[in-house]
Every structure is written in structure tokens, then in C-alpha cells.
Amino acid sequence: MLPGKIIYEGKAKSIIKAKDPLTVIQHFKDDVTAFNKEKYEVIEGKGIINNFISAFIMEKLEKAGISTHFIKTLNEREQLVKKLKVIPLEIVVRNIAAGSFCKRFNVKEGEKLISPIIEFFYKDDNLADPMVNENHALYFGWLSREEMEEVKTTTLKINKVLIDLFSNAGIDLVDLKLEFGRLMSDKTKIILADEISPDNCRLWDNSTHKKLDKDVFRLSLGNLKEAYSKVAERLSVKLV
């Protein structure tokens with residue numbers, strides 16, 4: 001880890017103070033959690049894989065015209081990113097029924113949705129990240145109506161880019177969780193934050209439907225590092 005003050009400690013990443021006050025260092029850890037931290041393990045090398053996969057995907061999104069906080073990879077575990085005031089919402093976009101969606105709506109896992117479904121969750125571990133709607137976002141001042149439409153439009157664009165990217169690698173993008181934030185240098189501008197990796201995407205082999213994401217850990221299905229490495233290999237991401 002580069003020297004610096006840790007300004008935020010998350011479940012899978014730490015945010016470290018950088019020299020430039022408009023940037024921070026995002027450090028990827030080997031910690032893996034599930035069920036609101038009820039299940040926990042440290043899997044050596046997991047953070048390295050996620051760092052390189054996320055950097056690769058962020059660069060693809062930038063080329064597609066989507067603004068992200070990613071600036072550059074610093075080393076095998078760290079990225080330099082733009083400093084943001086993160087909006088306390090997790091935006092989940094679903095393409096195939098899985099996970100909590102199936103439980104909430106009694107839908108069979110694997111059912112393809114007619115069109116992507118966007119869901120919003122309030123980021124608060126103490127409340128178990130409750131599902132919220134657009135009216136909550138307006139009431140609590142998380143987003144304005146115009147910003148909500150912007151976030152939804154960007155979310156669907158990201159989803160489309162990633163569906164194509166993963167499909168070309170023989171992988172179905174089942175769903176993914178996104179976070180957005182306001183630039184500290186221009187708080188009127190909202191851009192993609194956090195990471196995009198097998199930690200926050202559901203990814204299935206499109207032939208066998210074998211899970212290649214954190215469900216491997218969550219459901220005790222096998223070797224998580226092996227699954228993540230397979231995703232990196234199929235995307236031609238170099239882990240060095």
C-alpha cells in the first residue's frame with residue numbers, strides 16, 4: 001500500500017488520501033463478505049484480480065463516452081481516482097432473474113427479463129441496505145429529478161456496453177451494482193464511482209450457466225479466486 005492516511009475503510013476497498021486534494025487512491029483488499037458481513041473470509045489475491053478487471057472495464061466505459069472516476073492503475077492493488085462525494089445509493093440493474101429479486105417476486109432463477117430492471121437501495125449496513133424508490137431519493141435530497149433521469153440513462157448505457165463486452169467473452173451479465181458520485185471539483189457533475197468486478201456483478205458462463213462471481217463464495221460453490229481469474233482470462237485482462 002502506498003503511504004497515506006486512510007480516509008474510508010470499506011468491506012472490499014480502502015480509500016487513501018493522495019497528494020492532489022482532488023484525487024484519492026483506491027486500494028483493493030482481499031476481504032470477501034456476504035449476507036451483510038455474516039460470512040467473511042480473506043482470499044489472497046482477490047483484490048489484485050478485481051483491481052485489474054475494474055481498471056480494464058472503466059477504460060472501456062470511458063472509450064464508450066461514459067465518465068468515470070478512474071484515472072490510472074498505480075500498482076497491482078491500487079488505482080488513482082477522482083475524489084467524489086458519493087451518492088448514498090446502490091443502483092442495481094437486472095437482466096436475468098437472480099438473487100434477492102427471485103425471493104422478492106417468486107421468480108425462477110435464470111428467467112430472462114424482457115428489458116433491464118433498475119432498482120435502488122439506500123447504502124447503510126446498519127439498515128441492511130433497504131430498497132428505496134425515486135421519491136425517497138427526492139425527499140432525502142440524494143438526487144434531483146433531472147439527476148435521477150441522468151443516472152438511469154447512464155446506468156442503462158453502462159449495462160448495454162457491459163452486456164456486449166461480457167457476451168464477447170462467453171459470459172452473461174446477469175446483474176450489476178453501480179455507484180455514482182459528485183465530482184469534488186464540480187459538484188454539478190455526477191460520474192460513475194466505485195468498481196466494476198465480479199464482486200459487484202453477477203456473471204454466468206453463457207453455455208453452462210456456471211457462476212463466475214461472488215455467488216461462488218456466497219453459496220459455497222467452489223474456488224472464488226479461480227472463478228475471478230477465469231473472468232479476467234476471458235476478458236484478456238493481464239494480472240500484472
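Predicted model: local features only at pLDDT ≥ 70, side-chain atom pairs only at ≥ 80, totals over all residues.
Student: How do you know that domain 1 and domain 2 are in contact?
Tutor: Contact means heavy atoms within 4.5 Å. By that test, 31 residues of domain 1 are in contact with 26 residues of domain 2.

Student: What is the area buried between domain 1 and domain 2?
Tutor: About 2300 Å². Carbon and sulfur atoms give 65% of that area. On the domain 1 side, Lys39, Ile57 and Ile66 supply 20% of what is buried against domain 2, more than any other three residues.

Student: Why is the pair Lys13 and Asp194 called a salt bridge?
Tutor: The rule asks for a side-chain nitrogen of Lys or Arg within 4 Å of a carboxyl oxygen of Asp or Glu. Lys13 and Asp194 have an N to O distance of 2.9 Å. The pair therefore meets the rule.

Student: What about Lys13 and Glu195?
Tutor: Here the N to O distance is 2.6 Å. That is within 4 Å, so Lys13 and Glu195 also form a salt bridge. Lys13 is in strand 2 (residues 13-17), while Glu195 is in the loop between strand 14 and strand 15. The two residues are 182 residues apart and link distant parts of the chain.

Student: How many salt bridges does the rule find across the interface, and how many in the whole structure?
Tutor: Across the interface of domain 1 and domain 2 there are 4. A search of the whole structure finds 21. Between domain 1 and domain 2 there are also 13 residue pairs in polar contact, counting pairs with both residues at pLDDT 80 or more.

Student: Which elements give two or more residues to the side of domain 1 that touches domain 2?
Tutor: Strand 3 (23-28), strand 4 (31-34), strand 5 (39-42) and helix 1 (46-63). Helix 1 gives the most, with 9 residues. By class, the residues on this side divide into 14 nonpolar, 9 polar and 8 charged.

Student: What makes strand 9 and strand 12 a pair?
Tutor: Two strands pair if DSSP finds at least two bridges between them. Strand 9 (residues 89-96) and strand 12 (residues 171-178) are joined by 4 bridges, so they pair. They run antiparallel. Val92 has Lys177 in strand 12 as its bridge partner.

Student: Why are strand 11 and strand 15 called edge strands?
Tutor: The open sheet has 5 strands in the order 11-10-9-12-15, with antiparallel pairing. Strand 11 (131-132) and strand 15 (201-205) each pair on one side only.

Student: How do you know that strand 13 pairs with strand 8 and with strand 14?
Tutor: The test is at least two bridges. Strand 8 (residues 84-86) is joined to strand 13 (residues 180-183) by 3 bridges, running antiparallel. Another 3 bridges join strand 13 to strand 14 (residues 190-192), again antiparallel. Both pairings therefore pass. Leu84 has Leu183 as its bridge partner in strand 13. Phe180 stands opposite Leu192 in strand 14. A hairpin of 6 residues joins strand 13 to strand 14.

Student: What makes the phi of Asp129 worth a look?
Tutor: Most residues other than glycine have a negative phi. Asp129 is not a glycine, yet its phi is positive, at about 50°. Asp129 is found in the loop between strand 10 (112-122) and strand 11.

Student: What is the phi of Ser236, and where does Ser236 lie?
Tutor: Its phi is positive, about 60°, although Ser236 is not a glycine. Ser236 lies in the segment after helix 6 (224-234).

Conventions: Residues numbered from 1 in each chain as written. Heavy atoms only, no water. Buried area = accessible area lost by both parts, 1.4 Å probe. Polar contact = N/O pair within 3.5 Å; in protein donor to acceptor, adjacent residues only side chain to side chain. Nonpolar A, V, L, I, M, F, W, Y, C, P; charged D, E, K, R; others polar.
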